[in-house]
Amino acid sequence: MFFVLLCTGILSAQAGADPERLHRADLSGIAQIVQKEIQSGRIPGAVVLVGNEGRIVYRQAFGYAALWPERIPMSVGTLFDLASLTKVVATTTAVMQLVEQGKLALDTPAARYWPAFGENGKEAITVRELLTHYSGLAPDLNPRTPWRGYRGALGAIIAEKPVAAPGSRYLYSDINFEALGAIVQRVSGESLDVYCAKHIFGPLGMLQTTFRPPAWERYRIAPTEYLGGKLRWGKVHDPTAYRMGGVSGHAGLFSTAGDLAIFAQMLLNGGALHDIRILDRRSVGQMTVPQSPPGKVRLRGLGWDLAAPFAPNRDDLLPVGAYDHTGFTGTLLWIDPVSRTYVIILTNRVYPFGKGNAGPLRKAVVQLLSSHLGPLTDAEVEASRPRLGRYYALVNRPDVGPSKVQTGMGGPKRHYVQQFSGNRPVRG
């Protein structure tokens, strides 16, 4: 028995609430939330940026980027190790560009583009399954497999065997995006960092976004963790990306809140900004609507996690309409096309000994922003994103029932199993 995963529109007005309310809202409560988290010791500092209706309505830095050997205040221009935001900002965007060019196809086995990847039982894994974390691959490379450098990592990926049949269950895996980064290089002829600089970051004017930031930028970068007795500062925190030389499809990107705001606005605009088109509107649709295999209750977009829009009653809404991703170092990018809002929260919560926690901060800021927008019904969300019409028609059928699952932000949301067979995710 299967369910239908349907696409939504990208640009539309929020039906039940005034999205421009955030322009007039008192967002001073964000400072109180962040200061509380700093005082609790869960984070050393943070940068929070909120955009709404094409404008930045809040941008503030708090606390410190580093406390010792010297105290370095956090600034709105601080560079952060984005960790897994690399997956969506760099790799997913690159993959979708190559799909648009006809150089990749989502439902084609990844081994068509990297033949050796298909060894050890991986020959059937598709590009879509890599993007949605339904490949069946383990969370990361086998630590018992010795390897060194980028080429060594490719050999370790080839040696991996699936721990579940492709498409059978959701398993968040860095290997998926390590492989996708390698596929981008094989198909485009450019390494992932060069490709993204040339085709994404450069055209958008994201001049502070890069893999392997230069050493002279050190004091603009938020350090992460003491590893092996040495502070990781200006080099990627993720151990696999570090061993790969700092460039990987799953981690390694550094950026600022301001640059991420440019990226978020591009997506809210349907893939373009200032007459520069990065993605086709249809590609943005595909990335940000359910693309999980038929019959699975864990909804994922292509690269992105899915979420309900900003609203005080968002936990009662279907978990579609908005999309987000987090990073292990303490980063968040959340985009809501319904209210035309995005929120960026950047912390180095792993500083200095890996024991911080950015979860309470993320949750509290999302709740605060939601409280400044009016409540929504599923019908209003459907009206604001018309392409959800068939999706809502199906979930309202009497033969459809809800089940609760954990989503990327950690809260229970309603997911629905559609009792139909033979359906595929509908393209955006």
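Predicted model: local features only at pLDDT ≥ 70, side-chain atom pairs only at ≥ 80, totals over all residues.
1. If you want a spot to look at, find Tyr 64, which stands opposite Pro 73 in S3.

2. Strand S1 (residues 45–52) pairs with S2 in the antiparallel sense over eight bridges. S1 and S2 also make a hairpin, here with two residues between them. At the turn, Asn 52 has Arg 55 of S2 as its bridge partner, and Glu 53 has a positive phi of about 55°.

3. Now for the helices. How far apart are the axes of H2 and H11, and at what angle do they pack? Helix H2 (residues 29–40) packs on helix H11 (residues 359–371) at about 165°, with the axes 10 Å apart. Since angles over 145 degrees count as roughly antiparallel, H2 is therefore roughly antiparallel to H11. The crossing of H2 past H11 is right-handed.

4. Who makes that contact? From H2 come Gly 29, Ile 30, Ile 33, Val 34 and Glu 37. H11 brings Pro 360, Leu 361, Ala 364, Val 365, Leu 368 and Leu 369. Sorted by class, the H2–H11 contact has nine nonpolar residues, one polar and one charged.

Technical notes
Residues numbered from 1 in each chain as written. Heavy atoms only, no water. Axes fitted to C-alpha atoms, helices over the stretch in contact; angles between N-to-C directions. Helix = DSSP H or I, 4+ residues; strand = E, 2+ residues; numbered from the N terminus. Parallel < 35°, antiparallel > 145°, perpendicular 65-115°, else oblique. Left-handed = near helix turned anticlockwise from the far one by under 90°. Contact = heavy atoms within 4.5 Å. Nonpolar A, V, L, I, M, F, W, Y, C, P; charged D, E, K, R; others polar. Pairing = 2+ DSSP bridges.
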